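The sequence and the structure are shown below.

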Amino acid sequence: MAGKQTGGKAPRFLWLASCVHIGEESHDAKLFAQYLSWAQRTKADIVIMGDLLDTGLCIGTKHIGSVWENNLNPDEQIDRACTLLTPVKKQIIGVVTGNHELRSERVTSINPLKQVVLRLGVDYSGPSKVIRWRKWTLFVAHGTSGNLTSDFRKVLDGWEGVNVIALAHVHHLMTQTIVRFVVEEGSAIVKSRKIHLVRTGNFLKYAKYAALALHSPTDTGSAILEDSGSGKLKIHLGLP
C-alpha cells in the first residue's frame, strides 16, 4: 500500500533491494515479484545492493558445493535478472556488487552483476556509492562483516556528511538512528546530526547453508525509504 500524501504531494520511495539471490533454490521469487510490482506502481527509485545473483560455483571459493543448491546456472541467473528488472530499469539509480557476484569475479575476472547492468543500460558503481536522493545523502554498500555493527563503524570512521548508511550482506532487516555532534569549522557552535543506519534485508528463505551454520532465521523483504513531502525521512522495513 502506498503512503499517504502530505501537503498535496505524493510520497516518493527508494527501494534498497539487497540479497535477492536469484538462482538459489531458497530464493523467494513470489515476494520479490510483489516488490517489483509495487515499484512499478509507485515509480519508486531503486538501488541494487549486491547479491542480486547467487552465483554458486564449484571452484575458487570457500562455498564450494553451493552450486548444488542453485536451480539456475550463472548464465541463466543473468538472463532471469534482466527479464525481471527490465520493466523498472529506468528507476534504478545505483548498483553495487556483493560477495556472491565477487565469487565469479575472483575466479574469472568477470562480474555477472556487471553483465546484468550493461544489458539493462544502467550505471554500475562497484563496491560502494554515495547517492543524493531527494534532500538526503546516502552511503550504500553491500558490506563484508557478519557482525551487525562493525561495517557501520568503518563507514562512520571514514565518511562525513551522510544522512543514511545502508548495508546488506547479513540478511537482517533493521534500522537504528544515532546522533553525532558536529562542531562548525572555525567556531565553537555545536549542532546535532542524525544518521540512520539501515540493514536492508533479503529475499532468501531459510537456506541449507544457513541451517548448517546455525544462523538465526531472518525476516525477508527490503528496507524502503520514504519522502512524504513533510521534510522527514521514514524508513519502512517491508512494503509501505
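Predicted model: local features only at pLDDT ≥ 70, side-chain atom pairs only at ≥ 80, totals over all residues.

**Salt bridges and their surroundings**

Asp227 is buried, since its relative accessible area is 8%, which falls under the 20% limit for that class. Despite its burial, Asp227 takes part in a salt bridge with Arg134, where the closest N and O atoms are 3.1 Å apart. Arg134 belongs to the loop between β4 and β5, whereas Asp227 lies in strand β9 (residues 221-227), so the pair ties together parts that are 93 residues apart in sequence. Arg134 itself is partly exposed, with a relative accessible area of 45%.

How many salt bridges does a search of the whole structure find? The search finds 5. One of them joins Asp79 and Arg119, with the closest N and O atoms 2.9 Å apart. Because Asp79 lies in helix α2 and Arg119 in helix α4, this pair ties together parts that are 40 residues apart in sequence. Asp79 counts as partly exposed, at 32% relative accessibility. In another salt bridge the side chains of Lys191 and Glu184 meet, at 3.0 Å from N to O. Lys191 is partly exposed at 47% relative accessibility, and Glu184 is likewise partly exposed, with a relative accessible area of 30%.

| Salt bridge | N to O distance |
|---|---|
| Asp79 and Arg119 | 2.9 Å |
| Arg134 and Asp227 | 3.1 Å |
| Lys191 and Glu184 | 3.0 Å |

**The β4-β5 hairpin**

Strand β4 (residues 128-133) and strand β5 (residues 136-141) pair in the antiparallel sense over 6 bridges. Within this pairing, Arg132 stands opposite Thr137 in β5. The two strands form a hairpin with 2 residues between them, and Arg134, in the turn, has a positive phi of about 55 degrees. The turn residue that carries this positive phi is thus also the partner of Asp227 in the salt bridge, as a reading under the 4 Å limit shows.

**Nonpolar cores**

The largest nonpolar core has 31 residues, of which Trp15, Ile46, Ile48, Leu52, Leu85 and Val116 touch the most other members. At least two residues of this core are supplied by each of β1 (12-17), α1 (29-42), β2 (45-48), α2 (74-85), β3 (92-95) and α4 (112-120). Helix α1 provides the largest share, with 6 residues. Apart from this core lies another, of 20 residues, which includes Met49, Trp133, Val164 and Ala166.

Which residues does Ile48 contact, leaving aside its neighbours within four places in sequence? Its contacts are Ala17, Leu85, Ile92, Gly94, Val95 and Val96. Leu85, one of these contacts, is also listed with Ile48 among the core residues that touch the most other members.

Helix α5 (150-158) has five named buried positions: Ser150, Asp151, Phe152, Val155 and Leu156. The elements that cover these buried residues include β5, β6 (164-167), β7 and β8.

Asn147 is found in the loop between β5 and α5. Asn147 is partly exposed, with a relative accessible area of 39%. Beyond its neighbours within four places in sequence, Asn147 is in contact with Val170 and Arg199. The C-alpha atoms of Asn147 and Val170 are 7.7 Å apart in space, although the two residues are 23 residues apart in sequence.

Leaving aside its neighbours within four places in sequence, Ser26 is in contact with Phe203, Leu204, Lys205, Tyr206 and Ala207. Ser26 and Phe203 are 177 residues apart in sequence, yet their C-alpha atoms are 8.5 Å apart.

**A nonpolar surface patch**

Val179, Phe181, Val183 and Val190 make a nonpolar surface patch of about 420 Å². Strand β7 (residues 173-183) gives the largest share of this patch, 3 residues, while Val190 is found in strand β8 (residues 190-202).

Key. Residues numbered from 1 in each chain as written. Heavy atoms only, no water. Core = buried A, V, L, I, M, F, W, Y, C linked by side-chain atoms within 4.5 Å. Buried < 20%, exposed > 50% of the residue type's maximum accessible area, 1.4 Å probe, protein only. Helix = DSSP H or I, 4+ residues; strand = E, 2+ residues; numbered from the N terminus. Contact = heavy atoms within 4.5 Å. Patch = residues over 30% accessible without salt bridge, like charges linked within 9 Å, V, L, I, M, F, W, Y side chains within 5 Å. Areas by Shrake-Rupley, 256 points an atom, 1.4 Å probe, with all protein chains shown as cover. Pairing = 2+ DSSP bridges.
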